[in-house]
Amino acid sequence: MTTPALKLTNVHKSFGPAKIIQGVNLEIAKGERHAIIGPNGAGKSTLFNLVSGLYTLSEGQVELNGAVISGKKPFEINRMGLSRSFQVSNIFSNMSVRENVRCGVLWSLGYGYSFLRNVGNLKEVQEKTAHILNEVGLLDKANLPAALLPYADQRTLEIAITIAGGAEVIMLDEPTAGMSHSETDRAVALIEKATKGKTLLIVEHDMGVVFGLADRISVLVYGEIIATGKPEEIRGDPKVREAYLGEEADEIEGASA
Amino acid sequence: MTDMTMQSTALGPTSAEKFRQRVLPFVLFGLVLAIIPFFGPSRTTMTLLNHIGINIVFALAYNMLLGRAGLLSFGHAVYLGLAGYFCVHILNWIDAADGGFWGNLPVFSLPIWGFAMGALAGAVIGWPSCRRAGTAFAMISLGVAELMAAAAFMFDSLFGGEMGISGDRMSGPEFLGMSLGPLDEVYWFVAFWTFVGVVAMFMFTRTPLGKLSEATRDNPERVQFIGYDPTRVRYLVFIFSAAFAGMAGGMAAVQDEIFTPESMSLIPSGAILIAAYVGGIRYFSGPIMGAILMTWMSSNLSDYTVGWLLYLGLMFITVVMFVPDGIAGLVFGFWNGIRSPNRSHLMAKWAQQAVGVALMIVSIIVIVEVAFRWSEGYGEVFEPWGMELPHDGVITWLLAIVPLALGVALLRRVARKSEEV
Amino acid sequence: MKNFKRAVLAASVSVVAMASAAAADVKVAFIDPLSGPFGPSGDAAFTSYKLAFEHLNANGGLNGEQVELTGYDNKVSPKESLVQLQKAIDSGAKYIFQGNGSSVAAAIIDAVNKHNARNPGDEVLFLNYAAVTPAFTNEACSFWHFRFDAHADMKMNAITDWIGTRDDIKKVYLIGQDYIFGEAVAAAASSQLAEKTPNVEIVGNELHPLGKVKDFTPYIQKIQSSGADAVITGNWGQDMTLLVKAAADSGLKIPFLTFYGGSLGAVAALGEGSIDTLYQVSEGITNIDAGEEQNKLIEEYKERFPDYDYYYHRAFVAVDMLAAAAEKAGSTDVIPVAKALEGLTVEGAYGPVTMRAEDHQAQQNLYISTVSNDVKYGVDNIELGWKLVDNGTIEAASAEEPTTCKMERPE
Amino acid sequence: METIVFSLLNGTIYGLLLFMLSSGLTLIFSMMGVLNFAHASFYMLGAYFAYTIMGVTNFWLALFLAPILAGVIGMGVEKWGLRKVHANGHVAELLFTFGLAYLIDEIVKIIWGRVSVNYQVPDSLNFTLFTIYGSDYPAYRIFILFVAIFMLVSLWYLLKKTRVGLIIQAALSHPHMVGHLGHNVPLVFMGVFGAGCALAGLAGVIGGNYFITDPAMAVQMGPIVFVVVVVGGLGSLEGAFIAAMLIGLLQTSAVSVNASFADIFGFLGLSATSEVGSITISSLAPMLPFLLLVLILIVKPTGLMGDREV
């Protein structure tokens with residue numbers, strides 16, 4: 001048996017008396033595309049923040065490729081090969097698109113806090129930046145200030161920054177939130193292309209996206225995973241249907257693989 | 001705007017653009033520095049120019065923090081001061097040395113020592129303070145500045161008490177045949193190091209660390225998720241900023257040959273903040289413009305009016321309220337405007353605004369000057385161009401009110417019109 | 001009527017000013033704060049010089065040449081002073097007046113020394129009217145520097161001499177600002193008291209932080225419980241005012257002997273509380289009757305500059321001495337005038353003033369005075385003013401201090 | 001013994017005055033995020049207004065009118081100045097108040113002259129209340145004590161017992177929430193800014209003649225007010241109160257400690273004649289607040305009682 005890319009063991013998180021995450025166990029194999037769904041307030045984003053190191057765990061443990069990462073700082077976790085995006089666009093708004101992506105590239109190419117080289121002369125940095133921009137389709141807007149991008153492009157940039165460092169485990173927090181249908185389709189295609197061969201953990205509300213992308217799905221309700229399985233297993237699970245009353249249950253029903 | 005950039009599908013700027021944007025300005029800057037002495041400036045102008053050079057380096061160093069890293073400091077003069085003191089001590093060691101290391105050290109190299117001392121001070125003081133950003137950082141810098149200024153009065157052997165310590169820049173071996181005695185040689189010294197400092201600080205903005213400092217300013221949270229520790233980024237940038245401030249200190253040690261505890265107080269720190277902000281912190285060249293303007297104003301405006309501090313305050317507030325991008329923003333906005341397709345429209349708007357501002361300035365000057373003279377009670381009367389304006393004269397009141405009202409009305413009209421468009 | 005008088009005055013002034021501007025032969029510069037928080041103290045002195053030079057020009061000028069006085073605002077910053085000094089020198093000024101702040105004076109002495117060494121034939125002279133650090137006329141003395149104010153140790157001499165004449169003062173408390181000047185004042189007081197009046201006990205020697213104390217009551221409490229009969233302080237500015245104010249509030253009615261009690265606004269800030277509490281040592285006070293001419297000068301000054309009072313008597317003395325030296329030298333050039341100044345004596349309104357040649361330190365009578373409400377000339381535009389105390393006249397000879405100066409003179 | 005009694009009494013009064021001065025800033029800072037550099041300038045304005053009003057009428061009217069005037073000016077500043085700058089971020093707001101402080105200084109100099117004014121304690125309060133340990137205790141100090149306590153109680157009542165107070169309290173801990181509650185945010189901000197300035201003005205009215213009234217009084221008080229607010233903690237008037245009292249007592253009592261570094265660290269071989277050894281605790285007293293500021297921000301950035309980071 002190979003080491004899972006990401007392994008959560010008995011993860012708890014409480015804010016004061018409020019218990020947001022109550023014992024999550026999850027294993028994600030290398031190369032798997034795993035989606036987490038659940039109603040609002042289930043703790044999906046909190047779980048992301050716990051894994052990526054923004055919050056500290058109240059209890060439990062998180063492993064990345066067999067190494068314990070819980071308790072480490074976000075930048076340490078990132079350097080170990082885990083990169084995440086944010087639900088709300090979290091980009092460097094006063095810098096150009098190209099500079100945004102370039103910042104994401106730098107560490108992985110070993111430039112660290114270097115202050116003796118001119119970024120413009122770092123060939124591999126320029127090339128990799130161009131490559132990523134091309135891949136996500138932002139090359140023609142490379143010199144625009146990020147803040148002036150249209151919303152959908154900002155979300156794309158968010159993904160571009162996330163994958164720029166070349167991390168093997170990518171976590172995307174609602175990458176298509178607020179997008180139109182056509183934009184969503186493009187985004188899904190982009191995500192598929194950009195995370196090919198990588199491990200993907202995604203939180204998403206759009207069931208079409210989830211059932212289209214994911215190999216496996218976990219359902220998080222009130223801080224607990226009530227079901228994990230292949231998309232078709234999840235769709236048929238009565239517990240999931242119970243948790244998702246009304247509209248959203250129909251959504252699961254209607255979502256086609 | 002969008003149209004223009006959409007067309008440029010090329011990834012980076014072309015080499016011609018690079019040359020125009022990144023090399024040409026510095027070549028021009030160097031040329032200006034080199035040409036100035038051939039106009040035969042007086043010693044006063046020379047002294048002023050030297051101070052401007054020092055302040056350019058200081059303001060740029062300060063802007064590495066404020067503009068580039070988003071760290072507001074109220075105590076950056078501490079680093080200039082500590083390094084400056086150190087350099088004056090070195091001057092004295094050079095003077096006292098009989099050969100040996102110090103005896104052979106040219107005074108010309110002092111800014112390097114200042115740089116090192118600034119970096120050291122930044123490394124020590126920055127360690128605790130860079131763990132916070134925003135207002136907390138600003139308050140720490142304020143507290144540190146107060147403490148350091150007090151310490152300077154306490155440790156006489158290091159800081160020379162109220163009188164400070166002085167040295168002689170003519171000591172030590174000559175470098176490039178310069179004794180550094182006459183002011184024009186000091187000018188070359190300052191010009192050389194100003195150029196070095198400006199170029200070095202520009203290059204810094206192009207390094208990975210320089211870029212990351214901007215990223216940290218924009219979004220410290222996100223920086224953590226691309227593998228960087230924002231605290232570390234801030235700390236390193238802080239050290240560099242302190243180091244360049246120290247370099248300015250080394251230059252000042254040679255120009256002024258004296259350092260006093262005042263140089264570490266809140267006053268020069270506040271002055272450099274104003275200079276950088278008025279110049280425009282979002283542009284690399286902003287602090288340079290700010291430093292030139294503010295240095296000139298603080299040395300010369302007081303020759304014309306006792307109310308210069310009031311004008312300074314008014315100007316600062318105006319910039320903060322209406323021109324947040326500072327002088328550089330105005331200059332580049334104008335430059336872009338005259339090249340844009342709807343330039344005639346823009347020009348008309350600017351012309352109206354300029355008239356409005358000019359009208360308001362007339363009134364403000366009349367009010368301030370008349371008020372100052374009246375309040376001093378020497379019976380002096382404000383007499384611009386032989387026109388007598390006593391505080392109780394009808395013309396005075398007209399001049400104080402009418403242009404102001406007209407100016408305000410004009411500016412409001414322009415603002416309303418551009419809102420409609 | 002008042003307006004008319006003012007108009008006439010203004011007119012006459014502008015005529016004088018124009019005349020002097022037209023025929024300006026000698027330029028002198030005044031470098032001190034003229035704006036900002038310390039602006040008033042610089043301005044009070046500047047106005048004194050203005051009047052003094054107007055009178056000089058009206059009486060024939062400096063060795064027959066008209067003098068043009070220009071003010072340069074240094075914002076009490078030593079660095080800014082260097083810019084302004086350069087400005088003054090470039091505009092042709094030969095004589096530089098400055099006084100506020102020993103830090104500035106030190107910077108100017110240093111800069112003038114270097115300038116004169118580096119630019120022979122273009123020398124300038126620094127006439128210091130108020131920076132009192134003793135070093136300037138001792139170990140750090142310079143041929144290019146003359147001081148018209150008594151330095152700190154001399155003022156202390158006056159204070160300790162006066163204490164010696166008072167049988168009721170047996171216990172003295174020293175309090176000062178915690179920096180080089182405050183320490184020097186305390187050291188001078190201890191050594192002089194020990195030498196002159198061995199029976200006077202120093203019951204406290206305290207330094208407090210410079211410019212930071214808001215409430216001096218705890219210090220007053222300490223003074224009170226020490227049973228002191230008098231307090232000596234070199235405090236200036238707010239540190240002096242608040243100290244005496246706290247004493248008045250606590251009902252501590254003993255003399256506070258100060259160097260700077262006469263500074264602008266202090267009496268106004270203290271009000272009645274300063275009577276018989278605030279003492280100062282100075283080279284002259286308006287309420288010593290020094291004749292009709294002096295009274296006219298005092299009144300003219302007040303009329304012209306209603307915000308201030310005739311305080312910088314030494315400004316007038318300095319101009320008198322400069323004029324006498326120029327006449328003696330038959331020139332307005334710096335080196336002959338400087339040499340003529342050495343050892344020169346002029347007869348001032350409050351006694352003779354001699355410029356000692358060895359160290360360029362003016363020797364003059366000093367006066368101890370206190371605030372009273374029964375005076376001819378009030379200060380700060382209130383009823384209170386300064387009155388000479390009993391035995392308050394300290395002859396120049398007894399205020400005199402030896403010097404360690406080894407003067408280097410140009411050929 | 002007498003030293004302790006006096007230190008306590010005077011420290012309390014100074015602390016209360018500091019609190020009066022900084023409570024307004026705490027309100028403003030917590031709600032609007034503006035660290036108002038010009039806050040001490042309103043303190044100065046309060047003193048000068050009182051001086052002028054007292055010259056025309058009497059002290060009691062001044063006590064009432066001067067803070068109101070300062071408050072009205074504060075509201076104007078918020079409405080026509082600060083609000084415009086708000087869009088440019090906190091740094092711009094901070095710098096705006098920084099420039100405003102300059103401006104107020106200069107304008108005060110034009111109107112009231114450049115030297116201190118003769119603002120005296122009113123005759124009706126200018127007497128010795130009691131004498132302890134041979135030292136007179138002026139009645140005016142006790143008057144300050146009463147005014148401060150009165151203000152403290154009114155503020156407490158206003159915040160805890162009135163509707164406006166509840167809104168302000170909500171805004172203190174969750175500034176972005178006020179808008180959601182359907183209240184007129186600009187009006188609330190303007191009101192709080194004005195009230196904060198009025199409190200500073202009141203401190204000026206009773207502090208101006210306790211200390212001295214001159215154009216430098218704002219600059220001298222400015223930094224210490226920041227210390228109180230930041231040390232006390234964001235959003236916490238209780239914190240500001242504790243910090244103000246702490247600093248008041250610390251400053252007044254450290255003065256009476258004669259020990260030097262050599263006395264304390266003598267066992268380490270520090271000599272009393274060395275430069276470090278000769279530093280006394282009392283000479284460090286005014287530095288203590290700033291040391292406290294730096295330490296608090298590094299160790300506990302929420303301040304003593306605050307719930308948010310600065």
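Two strands are taken to pair if DSSP finds at least two bridges between them, and the legends below apply this to a predicted model.

**View 1. The six-stranded open sheet of chain A.** In this predicted model, six strands of chain A form an open sheet with mixed pairing, in the order β6-β7-β8-β3-β9-β10.

**View 2. The pairing of β3 and β8 in chain A.** Strand β3 of chain A, which covers residues 33–37, pairs in the parallel sense with strand β8 of chain A, residues 199–203, and four bridges link the two. Within this pairing, R33(A) stands opposite L200(A) of β8(A). Helix α1 of chain A, formed by residues 44–52, packs on the sheet to which these strands belong, touching β3, β6, β7 (169–173), β8 and β9 (216–221) of chain A. The direction of the helix makes about 150° with that of β7(A).

**View 3. The four-stranded antiparallel sheet of chain A.** Four strands of chain A form an open sheet in the order β2-β1-β4-β5, and their pairing is antiparallel. The edge strands are β2 (18–28) and β5 (67–68) of chain A, each pairing on one side only. Strand β1 of chain A, residues 6–15, runs antiparallel to β2(A) and is joined to it by eight bridges; among the residues involved, S14(A) has K19(A) in β2(A) as its bridge partner. Helix α1(A) packs on this sheet, where it touches β1, β2 and β4 (59–64) of chain A, and its direction makes about 65° with that of β2(A).

**View 4. The fold of chain D.** The secondary structure of chain D comprises twelve helices and two strands, which follow one another along the sequence in the pattern α-α-α-α-β-β-α-α-α-α-α-α-α-α. Of the 310 residues in chain D, 54% are buried. When contacts in chain D between residues at least 6 apart in sequence are considered, 74% of them join residues at least 24 apart.

**View 5. Chain A among the other chains.** Four pairs of chains are in contact, and of these, chains A and B share the most contacts. Chain A does not touch chain C, the nearest C-alpha atoms of the two being 34 Å apart. Chain A and chain D likewise do not touch, with their nearest C-alpha atoms 14 Å apart.

Methods. Residues are numbered from 1 along each chain as its sequence is written. Chains are lettered from A and ligands numbered from 1 in the order in which they are written. This is a predicted model: local features need pLDDT of at least 70, side-chain atom pairs count only at pLDDT 80 or more; totals for chains, interfaces and linings use all residues. Two residues are in contact if their C-beta atoms, placed from the backbone, lie within 7 Å. Axes are lines fitted to C-alpha atoms, for helices over the stretch in contact, and angles run from 0 to 180 degrees between N-to-C directions. A residue is buried if 20 or more other C-beta atoms lie within 10 Å of its own, exposed if 12 or fewer, and partly exposed in between; C-beta atoms are placed from the backbone.
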